[in-house]
Number of protein chains: 2
Amino acid sequence: MKPLEGIKILDFTQFLAGPLSTLLLSDLGAEVIKLENPPLGDGTRYITTIINEKSSNYTTRNRGKKSVAMNLKDEKQRKLFLKMVKTADAVVENFKPGTLEKYGITYDILKEINPRIVFTSISGYGQTGPYRAHAAYDGAVQAEAGIMSITGDLDGTPVRCGAAIADTTAGLVACIGTLSALYDAQKTGVGRRVDVSMMDSIVAIMENLVSSYIASGGVPVPLGNRMWTASPFRDFVCKDGKSVYIGISTDSQFASFCEIVGHPEWTKDPRFLTNELRPKNFRELEPLVEEALLQIGSDTLCEEMEKRKLVYGRINNVAQVVDHPQIAARNMIVNAVYPDGTAFKVPGNPIKMSGLEDETDYSTSVMGADTFKVLANYADETALHEIYDQVLADCSAASKKLYNIDK
Amino acid sequence: MKPLEGIKILDFTQFLAGPLSTLLLSDLGAEVIKLENPPLGDGTRYITTIINEKSSNYTTRNRGKKSVAMNLKDEKQRKLFLKMVKTADAVVENFKPGTLEKYGITYDILKEINPRIVFTSISGYGQTGPYRAHAAYDGAVQAEAGIMSITGDLDGTPVRCGAAIADTTAGLVACIGTLSALYDAQKTGVGRRVDVSMMDSIVAIMENLVSSYIASGGVPVPLGNRMWTASPFRDFVCKDGKSVYIGISTDSQFASFCEIVGHPEWTKDPRFLTNELRPKNFRELEPLVEEALLQIGSDTLCEEMEKRKLVYGRINNVAQVVDHPQIAARNMIVNAVYPDGTAFKVPGNPIKMSGLEDETDYSTSVMGADTFKVLANYADETALHEIYDQVLADCSAASKKLYNIDK
C-alpha cells in the first residue's frame with residue numbers, strides 16, 4: 001500500500017509551485033482532486049509543448065490527478081466545494097494571497113466544517129508582511145530573493161537558474177508543511193494553516209551563503225561554476241573538447257588528482273598545500289589544471305577519476321539525461337496517458353520507497369473530466385447535470401477555440 | 001504544540017543534503033539527535049565562516065539539533081545506536097551507498113529491532129542502478145543531471161546555480177519521503193525504507209524541460225535570464241544603472257507594460273501581438289525594451305509596475321536580501337547560539353504554520369556535547385563514562401588542533 005493511501009487532497013493550484021507540491025502527494029498515494037476554474041482551467045493546459053490539444057507542461061505536473069470543474073463565483077459549485085471539505089484531508093492553493101478569501105474561503109471557515117483539515121497556501125512572498133500582495137513569477141523571485149546574484153560567471157552579471165527553482169523549492173517546502181500537518185492531524189484530529197513562500201524557501205536553500213555573509217561581511221558574488229570552499233572544483237574542457245566537472249575537496253583527493261594529470265609536484269607547491277589554501281589561490285591553480293586537462297580525453301579522465309573514487313560529473317544536456325543509464329535504472333521517465341491515447345513521457349516519482357512500486361504509466365485528465373464521477377459523492381445526478389452540463393460544454397468549446405488559435 | 005512533537009530522529013547525516021532534510025524536521029518539532037563520528041564529526045564544522053572555533057556552515061544546518069559522538073567501528077557505541085533505534089521514529093543518513101552496511105546497519109536489521117522505524121537514505125545517484133557507487137558533490141550532479149546545461153547566458157556555456165540546489169532539492173525531497181513514511185507508520189505501525197537521490201530530484205524539478213524535449217525533440221539550451229514561454233521576461237537595466245526583472249506573460253500585462261514605457265504602438269505590432277508570438281520574436285522585442293527602460297529610473301519603473309499589479313523583482317544581492325523588509329516580517333533570519341555565547345545569524349524556518357510560533361533563537365551544540373545527556377536513557381553512567389570519557393576528550397583535542405591549523 002502507498003504511504004498516503006486514503007488521503008484526499010482538494011487541489012486549487014495552478015502553474016508550477018502548487019501542482020508540483022500536490023504531484024508528490026499524488027505519487028505517494030493521496031487522491032488529488034484538482035479543482036479547475038471553467039471554462040479554461042489551469043493556464044498551463046495551453047502552453048508548450050502541445051500535442052493533440054494536450055500540453056506537456058500541464059501533463060508533467062498533473063499526471064495521476066483528477067480534474068473537476070469548480071467556479072467559485074457560482075454559489076452552487078462553491079457549496080459543493082464546501083461539502084467536499086467535510087471528507088477531505090487537505091486543501092492546497094497557490095493563488096495570490098487574498099484570492100480565496102474573496103469567495104469566502106478562509107481557514108476559519110474550512111476548520112468549522114472540518115477541524116481536521118490542513119489548509120496550505122503557497123505564494124511568492126507569503127500571506128503576511130509588506131510584500132504579501134506582491135505578484136510573483138519564478139524569475140522575479142529568483143531576482144528579488146538574491147539567488148540570481150550568486151549565479152553566473154566569475155565577476156559576471158547575475159544569471160537565473162534555468163529551472164524554475166523558486167517555484168519548485170517552494171512546492172517541495174509546502175509539501176513538507178502539508179505532510180507534517182497531516183501527521184499531526186492524524187494524531188490530534190486538528191489540522192493546521194500552512195503558509196509557504198517562494199522567497200522564504202529560496203533564503204532557506206541559500207543557507208550558508210546568507211549566514212556566512214552575515215558572519216564575515218563579504219557579499220557573495222557569482223563565482224562561475226566553482227565552489228568557494230575548495231579547488232579545483234568546476235568544469236574543465238578536455239582534449240576532445242568535452243567538459244568534465246571536477247570536485248576536489250580534500251588533500252588526499254588532490255594528491256590522487258595530481259597523479260592522474262601527471263603533476264605530483266603540485267601537492268608540494270606552497271600555494272596548493274591544503275584545502276584552505278587552494279580555493280584562495282584558485283586563480284593560479286585553475287590555469288594549470290586547464291592546461292593539463294587539455295592533454296587528456298574526457299573518457300580517460302572519467303575512468304581515472306572513477307578508479308580513484310574521485311568526484312566528477314559529465315556536463316550532460318537534457319537529451320543525454322533522458323538517455324542516462326541511471327535514469328533508466330531508476331524509472332525516472334514515465335508515461336502520462338490521456339483517455340484518447342495521447343501520451344507524454346515525463347519525469348517520474350523521485351521518492352523510492354519499500355512497498356511503493358515505481359509506476360510507469362499514469363492516467364491524466366482533460367479539463368473537468370472527473371467532475372461527475374467525483375461529485376457524485378456530494379450531490380444527486382439531476383442536480384449535477386443542472387449545474388454542470390452547460391459548464392462542461394463551455395469548457396470543451398473554449399479549449400477547442402484556444403488550441404486552434406495556437407495553430 | 002509543534003506538528004512533529006514526540007518524533008525522534010537519529011541523524012547520521014553530514015555536509016548539506018542530509019542536514020537540511022533533518023533541519024526541517026527539527027524546525028517542525030522533531031527531536032533530532034545528530035550522530036557524529038568522533039573525533040572530528042561533521043566536516044562542515046571546520047569550514048567557512050569560522051568564529052570562536054564554530055562554523056557558520058555547520059551552524060546553519062544543525063541549529064536546534066543535539067550532537068552525540070557515535071563511532072560505529074566501536075562495538076559498544078554501535079550497540080548503543082541499535083538500542084536507540086528501539087525508541088526512534090526514523091534514521092536518516094547520506095553516506096555513500098553501502099557505507100552503513102559495512103557496520104551491519106541495514107533496513108532489515110533496523111526493522112527487526114523496531115518495525116515502525118523509517119530508514120531514509122540520501123545519495124548522489126540512489127541506492128540502486130549502475131551509478132549507485134558513484135561519488136557525488138553538488139556541482140558534479142548539477143553537471144551530470146543536466147541542470148547546468150540549461151543555465152547561463154543565451155548561446156553561452158553551462159553555468160552552475162550558485163546555491164547547491166542538487167543537495168538542497170534532494171534534502172527537501174527526502175524530507176517529503178520521510179514524512180510520508182512517518183504518516184503511514186503512525187497508522188500501520190510499520191515503517192519504510194526511503195531512497196532519494198540528488199540526480200532523480202534534479203530531473204523532477206527540471207520537469208517540463210524534460211517532457212517538452214521528449215515531445216518536441218528540441219534540446220533545451222541556456223537562455224540567459226529569460227523564460228522561453230513569454231516575453232519580455234528577463235532582467236533589464238534602467239536609467240540609474242540598476243536592473244529590474246520583468247515578467248510579462250499575458251497580452252493584457254503586455255498592454256499595461258507598453259503604457260508604462262510609453263510605447264502603446266507595440267501592442268499593434270504584428271510581431272508582438274500575442275503571448276505566443278512575443279517569445280518567438282524576442283530578439284526583436286528585447287532591444288526595443290532595453291532602449292525604452294534606459295529612459296526610466298528603476299524606482300519609477302517598480303512603482304508603475306506595482307500600481308498595475310505587474311510582476312517584477314529587483315536584482316538583490318545577499319546583503320539586500322538580509323535587510324529585506326519581507327524577510328524581517330517573516331522572521332527569516334534567526335539566531336543560532338552556542339553555550340559559550342557564540343552566535344550566528346542564519347536562515348530560519350521557511351514553513352509558517354498555525355500553532356507553530358516562529359522561533360528566533362536556537363541552541364546549537366559543539367561536537368558530542370549531548371552524548372551523556374542523550375545516552376543516559378540507554379546505558380548507566382559508569383558504562384557511559386567507560387565508553388565515552390576518552391572519546392570526548394579526543395574530540396575536544398582534535399577539533400582544537402584543526403581549528404588552530406586554520407589560523
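Two strands count as paired when DSSP finds at least two bridges between them. With that in hand, here are some close-ups of a predicted model.

**View 1. Strand S1 of chain A meets strand S6 of chain A.** S1(A) covers residues 8–12, and four bridges tie it to S6(A). The two strands run parallel. Look for Ile9(A), which sits opposite Ala90(A) of S6(A).

**View 2. Strand S7 of chain A pairs with S6(A).** Here too the pairing is parallel, with four bridges between S6(A) and S7(A), the strand of residues 118–123. Ala90(A) turns up again in this view: its bridge partner in S7(A) is Val118(A).

**View 3. Strand S6 of chain A is covered on both faces.** In a regular strand, side chains alternate between the two faces of the sheet. S6(A) spans residues 90–93, with Ala90(A) and Val92(A) on one side.

**View 4. Chain A is assigned two domains, domain 1 and domain 2.** Domain 1 is made of residues 8–206 and 325–406, while domain 2 takes in 233–237 and 243–314. In chain A, the C-alpha centres of these domains are 44 Å apart.

**View 5. Chain B superposes on chain A by a rotation of 180°.** The shift along the rotation axis is 0.0 Å, and the RMSD is 0.0 Å. That is the relation of a two-fold axis. Both copies use the same surface: 100% of the contact residues of chain B recur in chain A.

How values were computed
Residues are numbered from 1 along each chain as its sequence is written. Chains are lettered from A and ligands numbered from 1 in the order in which they are written. This is a predicted model: local features need pLDDT of at least 70, side-chain atom pairs count only at pLDDT 80 or more; totals for chains, interfaces and linings use all residues. A residue is buried if 20 or more other C-beta atoms lie within 10 Å of its own, exposed if 12 or fewer, and partly exposed in between; C-beta atoms are placed from the backbone. Copies are superposed by least squares on the C-alpha atoms of residues with pLDDT of at least 70 in both. Two residues are in contact if their C-beta atoms, placed from the backbone, lie within 7 Å. Domain bounds come from an automatic or database domain assignment.
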